[in-house]
Amino acid sequence: MNSLATVFSIGFHGVAFAMVLYLISVGLSVTMGMMGFVNLAHGVFAMAGGYVMTSLMNRHGLPLPAALALATVAVAAASLPVERLLYRRLYGGDELDQVLLTMGLVFMSGAAAQYLCGALQQPLRLPPGLNGGVRLGFGEVPAYDGLLIICGALLVTALWLGIERSRFGAKIRAAVDNLRMAQSLGIDTSRLFSLTFALGSGLAALGGGLGAALITITPGYALDNLVYFLVVVAIGGLGNIRGPFLAALLVGVADSACKYLVPQFGAFLIYAMTLAILLWRPRGLFGRA
Amino acid sequence: MLGRGADAVAAPVASTATVEGFARRHRFRPYEALPWVAALSAYFLFPGYLPLAAQILATILFALSADLVLGYAGIVTLGQAAFFGTGAYTAGLLAAHGWGEPLTGLAAAGAAAAAVGFLSGLVILRSTGLSLLMQTLVVAALLGEAANKASGVTGGDDGLQGMQMWPLLGHFEFGLYGRTAFFYCLAVLFLCWLAVRRIVHSAFGRSLTGIRENVARMHAIGAPVVWRRLTAYTISAALAGISGGLIAQTTGFVALDSLSLERSGTVLIMLIIGGVGRLYGAFIGVPLYMVAQDRFSSIEPVYWYFWIGLLMVLLVTFARGGVLGLLDRLRRR
């Protein structure tokens, strides 16, 4: 019974972490798949979401939901000019230039965050109800993890329905599948890119804010967690919104299990798993050939 | 894709001038002496900065290794730190466990890094594009996490301490003023540069350029593409390892960040600032970056990253091809 409770608790925490990873990484997968852009700066939007949310809560006393919503909208809006002015010129261009641009943005945002908010981790004051645990079947689980899973599940459902059912979603899928054909059909891909980019950045901000207790908000956020976001995208396959979800579940649960059961290995096993998967399927588990 | 080098031009029918140009391209030109003249004059002009100058020279070698794999073989890598760190830890561990002889330590560093490069290249070089980029990154992350967790051997987060270096050639002590370190790094860099120069101008180097520019055609004419790429990757790894070894030996310390993504990223940045695939980008980008870092850090240590980030963004937006690319464009005008 005890070992069952351990498995349950590892799994529960892993799924909560996976939700955060997915929200942050899904936009990266779509923009990388659609625009063929090596966007190493995606974590910057998640970090910005976390910073805006925590400072709205800590300095202006907003409640968590309002702060989170404001942060999401603000980051999505702020990402529009970034895409238009900086990213756009490099679509379909040299990977090296993309690496240089996005690494530059990572460096700038880290320094700016440190200038504005200091080098320390941003405190997240959760509402009292979220601090404790909740009794579920096999034992007690943290209420915060439960909230993450519920929010994550709702958002994922909404996102999938939106991409599968709406006209906007159909355009995105068309542009990912065959960009030139989509353009010849009269789809305004330039506008589509902007909106998709903003959607991806907004989701990343939402993930960064929601997950602020799991992935702590520090100036090094975008660089320190970059490998994890890229791992989710690489395992999940580019230009696809379901692959990264399963990849995030895999990485989240594996990470939770490794940290609990074999802490002496740290993230080593996650990286080893990623390498093995990429060697076996270079386009990721769910990527199209 | 990366064909911004001067050697990327191929006329459909080779004119006499083109043929002569190819025949002469490996000859030494007067401007090639410039970096060495500059290095020697730096020795006399800035005697107080010799430790920094030695770091710059060793880092130029690191950037040169990245140029070989990136600019010539066309392998976009974010994991060059894997080899740098392997070399640094090899040289560091040898010196910390009673073998402080610099030259053999450096050879061991190069050999260990070459072994890591060969083995990892053997498995990852079959992929291309983003998957390859990710795999190079993951290999470095794997080694970094291993070094972090094996803190009993590597010192983990605190870095490797207690290195005891013996005098160079049994005679020259590594002193406080860094004279030995300076000439040691200069000599090693010079020899490695000669080797790289020879490689890129050889038939092997030409075929690397061919693979970078048109893989399908190289396959079609029967070039052993995979082995050529693996060879270039291994040589580049060895050079990066020697560079890591140099820095470990001359500073007497190995930090965990020698295996980090940041290290892989900054060497790319320094190289791109100078210009990729030109053999001399490293000699321009690295001193620019490191001298600026040194100056800025003494004023505002934290916000250095803001300014270098801004410089990178501006560079991509307005000055593609780095400093050498800019000079090319000015000359054509």
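Let's start in the largest nonpolar core, which has 202 residues. Which of them touch the most other members? B:L61 and B:C185 do. Keep in mind, by the way, that this is a predicted model. If you click on B:C185, you'll find B:A54, B:L57, B:A58, B:L246 and B:T250 in touch with it, leaving out anything up to four places away in sequence.

As background, nonpolar side chains tend to be buried together in soluble globular proteins.

Okay, helix packing next, staying in chain B. Take α4, residues 81–96, and α6, residues 129–149. Their axes sit 8 Å apart, and the packing angle is about 30°. With angles under 35 degrees counted as roughly parallel, that makes α4(B) roughly parallel to α6(B). Who makes the contact? On the α4(B) side we have B:A81, B:A82, B:G85, B:T86 and B:Y89, and α6(B) answers with B:V139, B:A140, B:L143 and B:A147. Sort the residues of this contact by class and you get seven nonpolar, two polar and no charged.

Now slide along to α12(B) and α13(B). Here the packing angle is about 115°, with the axes 7 Å apart. The crossing, as α12(B) passes α13(B), is right-handed. The α12(B) residues in this contact are B:I269, B:M270, B:L271, B:I272, B:I273 and B:G274. Facing them from α13(B) are B:G281, B:A282, B:F283, B:I284, B:G285, B:V286, B:L288 and B:Y289.

One more from α12 of chain B: B:L268. This residue is buried as well, with 24 other C-beta atoms within 10 Å. From B:L268 to B:V286 you go 18 residues in sequence, and the C-alpha to C-alpha distance is 9.9 Å. Leaving out residues up to four places away in sequence, B:L268 touches B:A66 and, from the other chain, A:V99.

That takes us over to the interface. How many residues does each chain put into the contact? Chain A gives 39 and chain B gives 38. On the side of chain A that touches chain B, the elements giving two or more residues are α4 (95–117), α11 (226–236) and α13 (268–280) of chain A. The largest share of that side, 16 residues, comes from α4(A). As for classes, that side of chain A divides into 28 nonpolar, six polar and five charged residues.

Still in chain A, there's a helix pair to look at: α2, residues 42–60, and α9, residues 189–210. These two pack at about 50°, with axes 7 Å apart, and are therefore oblique to each other. The crossing of α2(A) past α9(A) is right-handed. From α2(A), the contact has A:H42, A:F45, A:A46, A:M47, A:A48, A:G49, A:G50 and A:M53. From α9(A), it has A:S201, A:A204, A:A205, A:L206, A:G207, A:G208 and A:G209. The count by class for α2(A) with α9(A) is eight nonpolar, seven polar and no charged.

Follow the chain on from there and find A:P219, in the loop between α9 and α10 (221–224) of chain A. A:P219 is buried, with 25 other C-beta atoms within 10 Å. Which residues does A:P219 touch, not counting those up to four places away in sequence? A:G110, A:A113, A:Q114 and A:A119. A:V233, on the other hand, is 14 residues from A:P219 in sequence and 23 Å from it in space, C-alpha to C-alpha.

Last stop, back in chain B: B:E213, in helix α9, residues 203–213. B:E213 is partly exposed, with 16 other C-beta atoms within 10 Å. B:S236 lies 23 residues away from B:E213 in sequence and 19 Å away in space, C-alpha to C-alpha.

That's my tour, so over to you.

Key: Residues are numbered from 1 along each chain as its sequence is written. Chains are lettered from A and ligands numbered from 1 in the order in which they are written. This is a predicted model: local features need pLDDT of at least 70, side-chain atom pairs count only at pLDDT 80 or more; totals for chains, interfaces and linings use all residues. Axes are lines fitted to C-alpha atoms, for helices over the stretch in contact, and angles run from 0 to 180 degrees between N-to-C directions. Helices (H or I, at least four residues) and strands (E, at least two) are DSSP runs, numbered from the N terminus. Angles under 35 degrees count as roughly parallel, over 145 as roughly antiparallel, 65 to 115 as roughly perpendicular and the rest as oblique. Two residues are in contact if their C-beta atoms, placed from the backbone, lie within 7 Å. Ala, Val, Leu, Ile, Met, Phe, Trp, Tyr, Cys and Pro count as nonpolar, Asp, Glu, Lys and Arg as charged, and the others, Gly among them, as polar. A nonpolar core is a set of buried Ala, Val, Leu, Ile, Met, Phe, Trp, Tyr and Cys residues joined through C-beta atoms within 7 Å. A residue is buried if 20 or more other C-beta atoms lie within 10 Å of its own, exposed if 12 or fewer, and partly exposed in between; C-beta atoms are placed from the backbone. A crossing is left-handed if the near helix is turned anticlockwise from the far one by less than a right angle, and right-handed if clockwise.
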